[in-house]
Amino acid sequence: MEGLPTTTKTERRSRSKNLHTSKPSLVMAFFSCVAWLYVAGRLWQDAENRKLLANLLKRNIEQKPKVLTIEDKLIVLGCKDLERRIVEVEMDLTLAKSQGYLKHQLPQSESSSQRKLLAVIGVYTGFGSYLKRNTFRGSWMPRGDALKKLEERGVVIRFVIGRSANRGDSLDRHIDEENSKTKDFFILEGHEEAQEELPKKIKFFFSTAVQNWDAEFYIKVDDNIGVDLEGLIGLLEHRRRQDSAYIGCMKSGEVVSEEGKLWYEPDWWKFGDEKSYFRHASGSLLILSKNLAQYINTNSASLKTYAHDDISVGSWMMGVQAIYIDDNRLCCSSIKQDKVCSVA
C-alpha cells in the first residue's frame with residue numbers, strides 16, 4: 001500500500017491542538033458581537049429618547065402663552081424709530097389742521113366765490129319747526145335769488161338740523177323734500193336730532209361748517225331769535241381778520257343742581273361750592289373766529305359737553321387763548337336800541 005497517504009502521530013497531535021485553541025477565540029468573538037450590539041442598541045434608544053423629549057419640549061413651548069411687553073415687540077420688530085416717526089407725523093397733522101389745512105377741503109358748490117367768506121350763519125331748527133322756518137324766510141332770512149346774492153357778499157345762512165334716530169323715516173324725508181325746494185339747509189349727517197343732544201349739535205355744527213366753508217367767522221343762532229342782518233354784517237366787518245375771537249353777550253349764572261328743575265346740570269358738582277357757571281357767551285347768538293372753530297374740529301373727539309350748548313362752548317374756550325369779546329349788541333333779550341338780534 002505504498003500509494004496511500006499516511007499521517008504521522010505528530011501531525012494528528014498538532015491538528016487537535018489547533019482545534020482546541022480556536023474555540024475560545026470564537027467564544028470571545030461572539031461575546032464581543034453581543035456586547036457591540038447591546039451598546040449600539042442603547043445608543044440608538046438614547047437617541048430616540050432624546051428626540052422624543054425634544055419634540056415634547058418644543059410642543060410645550062409652542063402651547064405655552066407668550067407674555068411679551070410692547071417694548072419687547074418693538075425691539076423684535078425694530079419699530080422704535082417707526083413709532084417715533086408716526087408720533088411726529090400725527091403732531092404735524094394736528095398742527096396743520098389747526099393752521100388751516102382742513103380735512104375734506106374741496107371746492108364747494110355752496111360758495112359762489114373763491115374768496116374767503118365773511119361768515120357762515122347756522123340757524124338751529126328741528127323737525128317740528130316748519131312754521132318757524134317759513135317765518136324766518138319771510139322776515140330777516142333771504143330766500144331764493146336773494147340768498148344767493150347774500151352769498152356773493154360773503155355771507156352764508158343755513159338752517160342746521162341733524163338726522164332722525166330712525167334714519168330715512170318720514171322726518172328725514174320731509175326735510176330732504178323741503179331742502180330740495182329751498183336749498184337752505186345744512187344737514188349734519190352724523191348727528192342725531194334730539195333735545196338731549198343739543199350740546200353735541202353745536203360741536204357737530206362748528207366742526208362740519210369749518211370743513212365745508214372757508215370763512216372769517218362761524219355763527220350759531222337759536223330758532224327763536226330774529227337778526228338784524230345788516231347790523232350783524234357791519235359788526236363782523238369791523239372785526240375781520242381777528243383771530244381767536246369769542247364774541248357774544250357774555251354772562252354767568254347759577255348752576256341748577258336739583259334734578260327735575262329747568263336747566264338742570266348733571267355735572268353741577270364740578271362748578272364748586274358757589275355753584276356758579278364761568279363766564280361764557282349766551283347761546284342765543286354766539287360767534288367764533290375760524291381758528292377757534294378749527295380747534296373744535298381738531299379736538300372734537302375729546303371735548304366734553306355739558307347740559308347746555310353755550311356752557312359747553314365756554315368750557316372749550318377756557319382751554320385756549322381765546323379773546324373774550326362782550327358785545328351788548330348781541331344781548332338779544334335786552335332793550336338796547338342798537339342791538340342786532342331780538343327774541344322773536
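Residues are numbered from 1 along each chain as its sequence is written. Because the model is predicted, local features need pLDDT of at least 70 and side-chain atom pairs count only at pLDDT 80 or more, while totals for chains, interfaces and linings use all residues; side-chain values use heavy atoms, with hydrogens and water left out.

The chain contains 10 helices and nine strands, both taken as DSSP runs numbered from the N terminus (helices H or I, at least four residues; strands E, at least two). Of the 344 residues, 36% are buried, a term that denotes under 20% relative accessible area, as against over 50% for exposed and values in between for partly exposed (1.4 Å probe, protein chains only). Among contacts with a separation of 6 or more, 75% are between residues 24 or more positions apart.

In soluble globular proteins, nonpolar side chains tend to be buried together. A nonpolar core is here a set of buried Ala, Val, Leu, Ile, Met, Phe, Trp, Tyr and Cys residues joined through side-chain atoms within 4.5 Å. The largest such core has 35 residues, and those with the most contacts inside it are Ile121, Ile157, Ile219, Leu232, Leu236, Leu285 and Ile287. Helix 8 (residues 229-238) gives the most to this core, contributing five residues. When its neighbours within four places in sequence are left aside, Leu232 is in contact with Ile121, Ile219, Val227, Ile287, Leu330 and Val340. A second, separate core comprises 28 residues, including Tyr124, Leu292, Ala293 and Ala322.

Two further helices were examined. Helix 7 (residues 198-212) has 15 residues and reaches 21 Å from its first C-alpha to its last, close to the 21 Å expected at 1.5 Å a residue, the expected span being 1.5 Å times one less than the number of residues. Its buried residues include Pro199, Lys201, Lys203 and Phe206. Glu178 lies in helix 6 (residues 170-182) and is buried, with a relative accessible area of 10%. Leaving out residues up to four places away in sequence, Glu178 touches Tyr130, Arg133, Arg137 and Phe185.

Note on methods
Contact means heavy atoms within 4.5 Å.
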